[in-house]
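Thanks, everyone; I would like to walk through one model this morning, going from a single backbone detail out to the overall arrangement. Please have the sequence and the structure open as I talk.

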Amino acid sequence: MVKKLGKKPPFGTKTARLAQIKRVTGETDIDLSLKLDGSGKALIQTRIPFFDHMLHLFSKHAVVDLELNCDGDVEVDDHHTVEDCGIALGQAFLESLGDKKGIRRYGAGFDPRNPFTGEAYVPMDECLARAVVDFSGRPYLVWNGLNKYSHKLVTSEDKNQDMSSRFRFGLAREFFQAFANEAKCNLHLELLYGDEPHHIVEALFKAFARAVDQACMADPRIQGVIPSTKGRL
Ligand SMILES: [Mn+2]
């Protein structure tokens with residue numbers, strides 16, 4: 001459900017774009033609230049410190065307010081918590097976007113403040129990640145340039161060296177796949193180059209955040225218009 005709390009809506013939309021998700025399974029218990037037109041405030045508790053760090057910087061760079069509490073079976077491993085948080089966040093985006101009237105729809109590196117900069121490219125020291133998103137109503141994840149970092153190929157030495165290696169690229173992929181499925185968006189993530197695991201995962205989350213922010217932005221030229229020739233998204 002989209003809650004209408006009387007907050008000031010963004011230009012081009014009639015109501016504040018908010019969603020609250022309560023999702024309980026045998027593996028996780030999630031409470032999530034999202035304010036799409038927020039200021040980057042986050043209150044995150046997933047019991048996985050590295051994942052908290054990723055969701056916190058996602059909120060900051062997507063400029064959304066996100067409260068997320070997940071009580072999951074991390075004693076088994078981190079998989080259910082990460083995947084289910086991706087599901088809940090994707091559901092929250094789908095709900096808060098509503099009929100998608102007036103949104104840019106595509107987050108593809110265009111920033112109206114600086115149209116010559118592809119801002120969905122995010123560097124993180126030695127690495128460069130790119131994210132492109134389309135809230136098209138169709139789920140699809142492209143995960144390019146990351147297969148050599150698949151968890152199957154990470155050595156046990158790497159896995160044990162720190163939290164970002166333990167978080168694993170395969171786990172990040174589960175999150176993004178779950179988000180794309182539930183938000184019903186095309187999400188293309190690419191690592192152009194990089195080496196340090198923490199930098200790679202963080203650059204992916206930041207690029208994802210920037211692309212999502214651009215795609216959800218209200219475009220004053222198409223106020224009240226669904227950005228599709230099909231008439232629905
Ligand atoms: Mn970091």
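This is a predicted model: local features need pLDDT of at least 70, side-chain atom pairs count only at pLDDT 80 or more; totals for chains, interfaces and linings use all residues.

Arg-105 is buried, with 24 other C-beta atoms within 10 Å, where buried stands for 20 or more such atoms, exposed for 12 or fewer, and partly exposed for anything in between, the C-beta atoms being placed from the backbone. Its phi is near 75°, a positive value in a residue other than glycine, and Arg-105 is found in the loop between α2 and β5 (106–107). Residues are numbered from 1 along each chain as its sequence is written.

Val-63 also has a positive phi, near 55°, and lies in the loop between α1 and β4; Val-63, however, is partly exposed, with 18 other C-beta atoms within 10 Å.

Now to the elements themselves, where helices (H or I, at least four residues) and strands (E, at least two) are DSSP runs numbered from the N terminus. The protein has six helices and nine strands, and buried residues make up 43% of its 233 residues.

Four of the strands form an open sheet in the order β1-β2-β4-β3, with mixed pairing, pairing being counted if DSSP finds at least two bridges between two strands. Its edge strands, each pairing on one side only, are β1 (18–24) and β3 (42–45). Within the sheet, β2 (residues 28–35) and β4 (residues 65–72) pair in the antiparallel sense over eight bridges, and Ile-30 stands opposite Cys-70 in β4.

Which strands does α2 lie across? Helix α2 lies across β1, β2 and β4, running at about 35° to β2, with angles taken from 0 to 180 degrees between N-to-C directions and axes fitted to C-alpha atoms, for helices over the stretch in contact. Helix α1 (residues 49–62), in turn, lies across β3 and β4 and runs at about 160° to β3.

Finally, α2 (residues 79–97) packs with α5 (residues 169–183) at an angle of about 30°, their axes being 7 Å apart. The two helices are therefore roughly parallel to each other, a description used for angles under 35 degrees. Among the residues that make this contact are Val-82, Leu-89 and Phe-93 of α2 and Phe-175, Ala-178 and Phe-179 of α5, contact being C-beta atoms, placed from the backbone, within 7 Å.

Conventions
Angles under 35 degrees count as roughly parallel, over 145 as roughly antiparallel, 65 to 115 as roughly perpendicular and the rest as oblique. Two residues are in contact if their C-beta atoms, placed from the backbone, lie within 7 Å.
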